[in-house]
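User: Please take me through this fold in questions and answers, with the cut-offs stated.

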Amino acid sequence: MTDSEFEYDISVVIPLLNEEESLPELAAWIDKVMIANKYKYQIVFVDDGSKDKSWQVLQNLVKDNPAITAIKFRRNYGKSAALNTAFQVVTGEVIITMDADLQDSPDEIPALYNLIVKDNYDLISGWKEKRYDPLSKTIPTKLFNWATRKLSGIELNDFNCGLKAYKNSVVKSIEVYGEMHRYIPVLAKWSGFTRIGEKVVQHQARKYGVSKFGWERFVNGFLDLLSITF
């Protein structure tokens with residue numbers, strides 16, 4: 001695909017699980033940023049088997065904004081499956097991934113976009129240098145990041161940050177499965193995309209709901225890393 005063939009400047013991909021309260025605010029915030037910067041954009045929400053009213057909320061958002069697409073899984077397949085499905089349908093020049101819980105700020109989008117388009121990075125990973133998560137999440141994350149740096153040779157501080165930016169060609173060249181969403185920079189590097197950078201991004205305290213993170217996902221993710229490494 002050449003630049004002129006991209007349907008959108010930016011495709012925003014948002015996996016979600018039981019985030020009914022945050023979705024209208026997040027969609028409005030993204031729309032505001034896109035309009036202010038005159039981007040042609042699409043938002044792809046992937047409902048990963050929510051049990052609350054997330055899907056009903058998404059259907060209403062789709063009716064109100066033609067830039068929004070929503071995909072629903074019948075059950076919870078995990079974040080990697082949600083990202084992989086969305087990556088197959090996005091048509092933007094730059095792909096931005098973010099979480100649905102409002103802890104990632106859409107105000108970061110223009111700077112991430114410029115790092116891909118103007119500075120020619122293949123992938124930019126967000127770094128939440130100052131976090132508002134409980135110790136039950138920050139301690140496993142620090143261990144995970146240390147182990148991933150050692151095994152992959154990629155010097156990123158925060159592999160697990162959901163806020164990332166990619167060239168379209170990157171997401172079209174990788175397959176994300178299991179808990180591999182945590183290792184997308186590793187998958188990208190092994191697919192030949194070596195211009196991988198990092199940007200400090202704002203981390204906001206959770207406004208609604210509860211974290212979906214658990215120790216078992218960290219353990220499963222580390223086993224995935226070991227399997228693809230060795």
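The questions below go from the whole chain to single residues.

Analyst: This is a predicted model, in which local features need pLDDT of at least 70, side-chain atom pairs count only at pLDDT 80 or more, and totals for chains, interfaces and linings use all residues. Residues are numbered from 1 along each chain as its sequence is written, and side-chain values use heavy atoms, with hydrogens and water left out.

User: How many helices and strands are there in the protein chain?
Analyst: Helices (H or I, at least four residues) and strands (E, at least two) are DSSP runs, numbered from the N terminus. On that basis the protein chain has eight helices and seven strands.

User: In what order do the strands of the open sheet lie?
Analyst: Two strands count as paired if DSSP finds at least two bridges between them. The pairing in this sheet is mixed, and the seven strands lie in the order 3-2-1-4-6-5-7.

User: Which are the edge strands?
Analyst: An edge strand here pairs on one side only. The two are strand 3 (68-72) and strand 7 (196-200).

User: By how many degrees are neighbouring strands of this sheet turned against each other on average?
Analyst: Axes are lines fitted to C-alpha atoms, for helices over the stretch in contact, and angles run from 0 to 180 degrees between N-to-C directions. For neighbouring strands of this sheet direction is ignored, and the average turn is 20°.

User: Which residue of strand 6 is the bridge partner of Ile 95?
Analyst: Strand 4 and strand 6 pair in the antiparallel sense over four bridges. Strand 6 (residues 164-167) also pairs with strand 5 (residues 123-127), in the antiparallel sense over three bridges. In that pairing Leu 123 stands opposite Tyr 166. The partner of Ile 95 in strand 6 is Tyr 166.

User: What unit do strand 2, helix 2 and strand 3 make?
Analyst: Strand 2 and strand 3 pair in the parallel sense over five bridges, with Ile 43 bridged to Ile 68 of strand 3. A crossover is right-handed if, with the strands pointing away from the viewer, the path from the first strand over the helix to the second runs clockwise. With helix 2 (residues 54-64) between the strands, the three elements make a right-handed β-α-β unit.

User: At about what angle does helix 3 run to strand 1?
Analyst: Helix 3 (residues 79-89) lies across strand 1 (8-16), strand 2 (41-47), strand 3, strand 4 (92-97) and strand 6. Its angle to strand 1 is about 155°.

User: Is Ser 80 buried or exposed?
Analyst: Buried means under 20% relative accessible area, exposed over 50%, and partly exposed in between (1.4 Å probe, protein chains only). Ser 80 is found in helix 3, and, leaving aside neighbours within four places in sequence, it is in contact (heavy atoms within 4.5 Å) with Val 176, Tyr 177, Gly 178, Glu 179, Met 180 and His 181. Cover over the buried residues of helix 3 includes helix 6 (168-171) and helix 7 (184-190). Because its relative accessible area is 1%, Ser 80 is buried.

User: What percentage of the 230 residues in the protein chain is buried?
Analyst: Helix 3 contributes Ser 80, Ala 82, Leu 83, Asn 84, Ala 86 and Phe 87 to the buried residues. Over the protein chain, the buried share is 54%.

User: How far apart are Tyr 121 and Glu 198 in space?
Analyst: Tyr 121 is found in the loop between helix 4 (109-117) and strand 5. Among the residues it touches, not counting those up to four places away in sequence, are Arg 195, Ile 196 and Gly 197. Tyr 121 and Glu 198 are 77 residues apart in sequence, and their C-alpha to C-alpha distance is 9.9 Å.

User: Is Leu 102 buried or exposed?
Analyst: Leu 102 lies in the loop between strand 4 and helix 4, and its phi is positive, near 70°, in a residue other than glycine. Because its relative accessible area is 3%, Leu 102 is buried.
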